[in-house]
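I opened my notebook to look up a few things in this structure, one entry at a time.

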Amino acid sequence: MNCPDQQSSAVYAYQDTKSTDCDYAVDFAERTKTPGLLCKIGQRLKFPDWYGENFDALYDCLANPEWPKGNKPVLIRLSGLPSYANKCPEDFSILLAVLQTAMDTRNTERSSAVRILIDATVPSLAQWPGP
């Protein structure tokens, strides 16, 4: 898989997410159920009040060209996902699809770049090339 340029939104695999400076960090070490995971994402990413803590609302917020404010590239670090992936493999697959689809939408609409790092092993994801 080719690495997108600095202006593109994408989801990346990254094994040492704690050492990467980011704009938003979400640690799911204690979250192994989807409702809690989606709630924590909404809180940490400061989604609007209408965020419904479901996969559709996650997509809507991430793909929204008005989020985040400031029109600058944003780096999000999602860590602690391996235990969630093991406990909820179907929901983890849905989460990945939502993240990737939202990033594709941002690229199509030429919204500000959002790059998401996840610490789970996913063969279909490119490795984070660094800032």
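Before the first entry, I wrote down a cut-off: a residue is buried under 20% relative accessible area, exposed over 50%, and partly exposed in between. I also noted that this is a predicted model.

**Entry on the salt bridge**

I looked for salt bridges and the count came to one. The partners are Asp-23 and Lys-72, with their closest N and O atoms 3.4 Å apart. I then checked where they sit in the chain, and the pair links distant parts, 49 residues apart. Asp-23 lies in the loop between strand 1 (10–13) and strand 2 (24–27), while Lys-72 lies in the loop between helix 2 (55–63) and strand 3 (74–79).

**Entry on Pro-123**

Next I went to the segment after strand 4 (114–118), where I found Pro-123. Its relative accessibility is 80%, so Pro-123 counts as exposed. I also looked up how Pro-123 sits relative to Ala-13: they are 110 residues apart in sequence, and 8.6 Å apart in space, C-alpha to C-alpha.

**Entry on the largest pocket**

I noted a volume of about 230 Å³ for the largest pocket. Of the 14 residues that line this pocket, the closest to its centre are Lys-46, Glu-66, Trp-67, Pro-68 and Lys-69. I sorted the lining by type and got eight nonpolar, one polar and five charged residues.

How values were computed
Residues are numbered from 1 along each chain as its sequence is written. This is a predicted model: local features need pLDDT of at least 70, side-chain atom pairs count only at pLDDT 80 or more; totals for chains, interfaces and linings use all residues. Side-chain values use heavy atoms; hydrogens and water are left out. A salt bridge is a side-chain nitrogen of Lys or Arg within 4 Å of a carboxyl oxygen of Asp or Glu. Helices (H or I, at least four residues) and strands (E, at least two) are DSSP runs, numbered from the N terminus. Buried means under 20% relative accessible area, exposed over 50%, partly exposed in between (1.4 Å probe, protein chains only). On a 1 Å grid over the protein atoms alone, a cavity is a set of points where a 1.4 Å probe fits but cannot get out, and a pocket is an open set with protein on both sides within 12 Å along at least five of seven lines; lining residues have an atom within 4 Å of a point. Grid points are joined across faces, edges and corners, and a volume is the space filled by probe spheres set on the points. Ala, Val, Leu, Ile, Met, Phe, Trp, Tyr, Cys and Pro count as nonpolar, Asp, Glu, Lys and Arg as charged, and the others, Gly among them, as polar.
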